[in-house]
Amino acid sequence: MDFWFKEKHTKNVEFSIRVDRQLYSGQSEFQRIDIFESVEFGRFLTLDGYMMLTEKDEFIYHEMIVHVPMAVLPEARNILVIGGGDGGTVRELTRYDGIEHIDLVEIDEEVVFASKEYLPFTASALEDERVSIYYEDGLKFIRYHENEYDLIIVDSTDPFGPGEGLFTKEFYGNCYKALTEHGIMVNQHESPFYPEDAYAMQRAHKRIVESFPISKVYQAHIPTYPSGHWLFGFASKTYHPVSDLNRRRWEDLNIRTKYYNIPLHIGAFALPGYVENMLRTVEVQ
């Protein structure tokens with residue numbers, strides 16, 4: 001008998017993957033955590049039945065959420081990652097020798113445990129000596145930090161359940177306060193394609209625009225996320241993500257990537273017309 005993982009992207013659209021076996025299932029204080037193994041996508045992690053990552057395409061998400069801001073600010077030294085308990089964002093950050101310290105704030109310790117045990121490549125850098133892990137609510141953690149981080153990466157789940165507080169105006173305002181003078185914040189920005197996701201994307205963008213003088217959106221193609229079309233937000237106190245791109249310094253680092261490159265960095269900020277219109281609508285309100 002075939003065993004399939006199924007996720008509803010809308011009431012009328014369903015995404016499914018044939019599963020060989022279930023490696024882990026647990027119920028934490030916050031959510032249900034499952035890890036499956038499949039022929040097509042390798043191992044994959046779901047939270048409350050929603051796809052978080054697969055071994056086959058996680059490199060796209062993690063490279064784009066890390067290397068875009070790091071190519072603008074390669075001299076970043078102190079980094080905060082909120083969410084991201086699977087370790088993929090931290091893994092990409094630790095490839096930069098110049099980074100001195102990474103604070104990872106993950107509300108659910110069980111996500112980190114399961115990822116270390118069953119997704120070892122993704123979680124491979126969580127033991128790096130530069131990484132400190134705090135099992136706390138990111139919304140509460142950020143309130144007590146000021147002028148501390150060069151880069152904040154909000155690697156959150158969708159805007160409901162444990163991740164809901166990471167899409168509020170209070171949270172983005174506190175991120176602004178926690179950044180240094182030239183600091184950058186990057187966040188996963190949802191998909192613009194299906195109406196419910198697009199509404200969440202617009203709501204987050206509106207609140208970020210109200211908090212940061214520079215707020216841009218860029219895109220990537222991630223096959224296992226709803227519609228495959230995914231957005232990221234780039235917000236900064238001073239740096240523009242394209243005109244202030246530090247191309248030569250980043251290329252001199254000789255970091256080998258599978259998805260990210262400099263031409264793609266520039267092109268990722270060229271958005272489809274329908275997405276530009278949705279962003280413009282909330283920017284002028």
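1. The side chains of Ser28 and Asp108 make a polar contact of 2.5 Å; a polar contact is a pair of N or O atoms within 3.5 Å, where within protein one must be able to donate a hydrogen and the other to accept it, and residues adjacent in sequence count only if both atoms are side-chain atoms. A polar atom of the Ser28 side chain also lies 3.0 Å from the backbone nitrogen of Phe30.

2. The model is predicted: local features need pLDDT of at least 70 and side-chain atom pairs count only at pLDDT 80 or more, while totals for chains, interfaces and linings use all residues. Residues are numbered from 1 along each chain as its sequence is written, and side-chain values use heavy atoms, with hydrogens and water left out.

3. Ser28 belongs to the loop between β3 and β4; helices (H or I, at least four residues) and strands (E, at least two) are DSSP runs, numbered from the N terminus. With a relative accessibility of 10%, Ser28 counts as buried, the classes being buried under 20% relative accessible area, exposed over 50% and partly exposed in between (1.4 Å probe, protein chains only). Leaving aside neighbours within four places in sequence, Ser28 is in contact (heavy atoms within 4.5 Å) with Ile33, Asp108 and Glu110.

4. Asp108 also caps the N-terminal end of α3, placing a side-chain oxygen 3.0 Å from the backbone nitrogen of Glu110. Helix α3 spans residues 109–118, and its buried residues are Val111, Val112, Ala114 and Ser115. These pack against β3 (21–27), β4 (32–38) and β5 (42–47).

5. There are 17 aromatic pairs in the structure; rings of Phe, Tyr and Trp (its six-membered ring) pair if their centres lie within 6.5 Å, and planes under 30 degrees apart count as stacked, over 60 as edge-to-face and the rest as tilted. Phe234 and Phe269 are edge-to-face because their planes stand at 85 degrees, with the ring centres 6.3 Å apart. This pair links distant parts of the chain, 35 residues apart: Phe234 in strand β13 (residues 229–236) and Phe269 in the loop between α8 (262–268) and α9 (273–283). Phe234 is buried at 1% relative accessible area, and Phe269 is buried at 15%.

6. Trp250 and Tyr260 form another edge-to-face pair, 5.0 Å centre to centre with 75 degrees between the planes. Both Trp250 and Tyr260 are buried.

7. Phe234 and Phe269 belong to one aromatic cluster that also holds Tyr61, Tyr218, Tyr225, Trp230 and Phe232.
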